[in-house]
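The sequence and model are shown first.

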Amino acid sequence: MIEKVTQINSMVNNLVWGVPALTLLIGTGVLMTVLTGFFQFTHFGHSMKETVGSLFKKKDILKTEDEHSISQFQALCTALSATIGTGNISGIAYAITMGGPGAVFWMWVAAIVGMMTNYSENVLGIYFRRRNERGEWCGGAMYYLRDGLGSKKGCAGIGKVLAVLFSLFAVFASFGIGNMGQVASIKESVLNVVRFTGNDTTDGLIIGAVIVAVAALVIIGGITRIARANERIVPFMAVFYIVGSLAIILSNAGMVIPAFGAIFKGAFSMRAAAGGIGGAVIKQAITWGFKRGVFSNEAGLGSSVMVHSASNVKEPVTQGLWGIFEVFFDTILVCTMTALLILTSGIVDLETGASLSGATKLGLATEAFTAQFGTFGGIFIAVAVTLFAFSTVLGWSFYGTKAWEYLFGTKATVMYKVIFLAVVLIGSTMGADLVIDLSDTFNGLMAIPNLIGVLTLSGTVVAITRNYSERTFGKKTGDEVGYMLSYFPDIQKEQEEAVKAGK
């Protein structure tokens with residue numbers, strides 16, 4: 001059965017992550033970069049100032065008076081909880097061994113253009129969001145597909161179909177990338193350090209039961225409890241991992257320049273390669289770099305839009321700026337830490353990325369830490385993976401809940417949460433390989449309808465960005481150019497009054 005599933009998934013995965021899909025994914029980021037005047041470059045300083053730079057200056061960044069929404073910082077932490085997962089550790093190690101050090105360069109490229117994809121998704125998410133019967137904000141690709149794309153002449157039907165498909169893919173992805181894949185990684189990392197009974201299945205179930213018990217306390221409480229948990233976990237785990245990685249990189253400072261050399265050399269296959277091998281090497285580097293980049297920061301999937309849309313923010317562009325920072329922090333910073341600690345530790349061939357010991361994925365990252373810190377290194381990576389993976393489980397439980405809500409209604413979300421927690425136990429008995437491959441497939445499937453929505457609504461993103469820029473960087477006032485805050489007149493009026501009142 002598993003062999004058959006693997007074969008079918010391999011066929012679909014090759015199609016989903018083929019040249020056309022990768023072209024759509026990266027092409028969307030390039031297009032939005034050009035259409036917005038290279039916004040992530042020209043306004044990078046503004047993005048940092050209005051996001052991480054304002055954390056201790058603006059009260060509404062850290063807290064919200066609206067009991068039905070979450071703060072901008074909580075939205076970021078929950079989005080990062082879902083993106084900073086095992087892909088930042090085992091995924092980057094896998095990319096290096098499969099695509100060579102050059103894959104890291106293409107991961108950066110995917111992140112740079114992905115900043116504008118994520119920006120565009122969040123702008124659309126805020127612009128087309130609405131409240132559910134509980135008063136909570138609901139936003140995401142399914143809404144801007146249905147109401148945005150669907151509002152265009154002759155597109156009502158296709159908008160609704162794509163919205164449903166996106167939601168279905170998101171539900172399945174939440175069970176894969178956001179659940180079983182993370183749980184399998186937690187199990188693997190814990191069992192590398194400690195054994196309970198000596199039986200892998202039994203030990204896995206014990207670990208799974210603990211995860212279910214802890215996760216249930218948070219997930220059942222909904223977005224506000226998930227957000228509160230993540231705003232405590234995410235900053236700690238990020239600093240914890242970055243400090244540990246820097247300790248290894250600095251201790252191998254002499255290898256930093258050769259590591260960067262291997263990255264750029266491998267990216268363009270500058271090593272002498274006969275015949276068509278050079279082209280094959282470049283293709284491998286590009287494919288794995290893009291796949292791991294997307295798997296890590298999720299730009300283009302439309303997933304994090306669902307939590308960003310729950311923010312108390314009024315301006316769509318403001319949440320878009322958080323999207324730029326999210327991709328920058330996740331991939332340019334955290335993933336690069338993993339890549340450098342592996343490439344500077346002497347555990348891989350800098351020419352090919354092949355593991356010298358035969359270790360792969362999480363084992364390769366663990367090897368880098370144990371080489372530096374001994375037994376403590378194994379414990380360190382186990383703690384880091386557990387924090388990364390558990391926070392991802394919390395973040396993706398919310399994504400799956402919102403997709404399920406779109407399909408079956410608000411009251412049905414309790415059923416989803418029960419199923420999600422049950423799947424945790426299944427993940428605790430499975431190997432990570434198949435789950436990661438399945439996750440890759442559903443990632444790609446989610447991206448297709450989402451990117452269609454972003455492309456068809458690119459003009460809306462540009463108009464909202466221009467409106468914001470005229471009011472922020474130009475000399476025009478909101479009364480002169482108006483405000484573009486919501487697609488819906490009643491929400492537009494509500495948010496505009498709040499913006500004018502400085503709330």
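## Packing of α9 and α18

The axes of helix α9 (residues 141-148) and helix α18 (residues 375-408) cross at roughly 35° and come within 10 Å. Axes are lines fitted to C-alpha atoms, for helices over the stretch in contact, with angles from 0 to 180 degrees between N-to-C directions; helices are DSSP runs (H or I, at least four residues) numbered from the N terminus. M142, Y143 and R146 of α9 meet K402, A403 and Y406 of α18 (contact: heavy atoms within 4.5 Å).

## Basis of the model

The model is predicted: local features need pLDDT of at least 70 and side-chain atom pairs pLDDT 80 or more, while totals for chains, interfaces and linings use all residues. Residues are numbered from 1 along each chain as its sequence is written, and side-chain values use heavy atoms, leaving out hydrogens and water.

## Helix α11

Buried residues of α11 (residues 200-219) include D203, G204, I207 and G208; buried means under 20% relative accessible area, exposed over 50% and partly exposed in between (1.4 Å probe, protein chains only). Their cover includes α10 (156-191), α12 (223-251), α18 and α19 (413-427).

## Aromatic pairs

The whole structure holds 28 aromatic pairs (Phe, Tyr and Trp rings, the six-membered one for Trp, with centres within 6.5 Å; planes under 30 degrees apart are stacked, over 60 edge-to-face, the rest tilted). Y127 and Y487 pair edge-to-face, at 6.5 Å centre to centre and 65° between the planes. Y127 lies in α8 (residues 102-127) and Y487 in the loop between α22 (478-481) and α23 (489-500), so the pair ties together parts 360 residues apart in sequence.

Terms used: Helices (H or I, at least four residues) and strands (E, at least two) are DSSP runs, numbered from the N terminus. The expected span of a helix is 1.5 Å times one less than its number of residues.
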